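Morning, everyone. Please have the sequence and the model open while I talk.

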Amino acid sequence: QLQLAESGGGLVQSGGSLRLSCSASGGSLELYPQAWFRQAPGKEREEVSCVAGSGEITDYLDSVKDRFSISRDRAKNTVYLQMNDLQPEDTAVYYCATNTNGYRCPYRFEGQKARVFNSWGQGTQVTVSS
């Protein structure tokens, strides 16, 4: 069974950078869409970005546009989220997820995007201080 594990979170000052990693075991991520979500305290989980099996990227969160970028290393079976110019409002637990029943990322207009992803990591905390 495919298992995901995030790493790379931590405490960073405003304007700093972090790179989150999502490593897979028990299977290959190559064919499936992988996404990053985040959930801040007291808020709903929100989708950040997704990379499809084809490599096509869909970005969902306008507030992180031009600051965050998703990428994948097929050889390492790992997906990354590079986060630059971090702000206190980026503080959240970040989760990676994959959909082993699909091949594409949810379209921006689709609701409840999290529901299509059937395998999730445990999350990694990102805290940005002002």
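A word on the source. This is a predicted model, where local features need pLDDT of at least 70, side-chain atom pairs count only at pLDDT 80 or more, and totals for chains, interfaces and linings use all residues. Residues are numbered from 1 along each chain as its sequence is written, and side-chain values use heavy atoms, with hydrogens and water left out.

How many disulfides does the structure hold? It holds 2. By disulfide I mean a pair of cysteine sulfur atoms within 2.5 Å.

Take Cys22 and Cys96. Their sulfur atoms sit 2.0 Å apart. The torsion about the S-S bond of Cys22 and Cys96 is about 60°, so this disulfide is right-handed. Cys22 is in strand E3, residues 18–25, and Cys96 is in strand E9, residues 92–98, so the bond ties together parts 74 residues apart in sequence. Strands (E, at least two residues) are DSSP runs, numbered from the N terminus. Are these two cysteines buried or exposed? Cys22 is buried, at 2% relative accessible area. Cys96 is buried too, at 1%. Buried means under 20% relative accessible area, with a 1.4 Å probe and protein chains only.

Now Cys50 and Cys105. Here, too, the sulfur atoms are 2.0 Å apart. The torsion about the S-S bond of Cys50 and Cys105 is about -80°, so this disulfide is left-handed. Cys50 lies in strand E5, residues 46–51, while Cys105 lies in the loop between E9 and strand E10 (119–120), so parts 55 residues apart in sequence are tied together. Cys50 is buried, at 0%, and Cys105 is buried, at 5%.

Number the bonded cysteines in sequence order, and the pairing reads 1-3, 2-4.

Next, Ser21. This residue lies in strand E3. Ser21 is buried, with a relative accessible area of 13%. What does Ser21 touch? Its contacts (heavy atoms within 4.5 Å) include Ala5, Glu6, Trp36 and Tyr80, not counting residues up to four places away in sequence.

Last, the cores. A nonpolar core is a set of buried Ala, Val, Leu, Ile, Met, Phe, Trp, Tyr and Cys residues joined through side-chain atoms within 4.5 Å. The largest has 25 residues, and Trp36, Phe68, Leu81, Met83 and Tyr94 have the most contacts inside it. Elements giving two or more residues to this core include E3, E5 and E9. E3 gives the most, with 4 residues. Apart from this core lies another, of 8 residues, and Cys50 is among them.

Key. Buried < 20%, exposed > 50% of the residue type's maximum accessible area, 1.4 Å probe, protein only.
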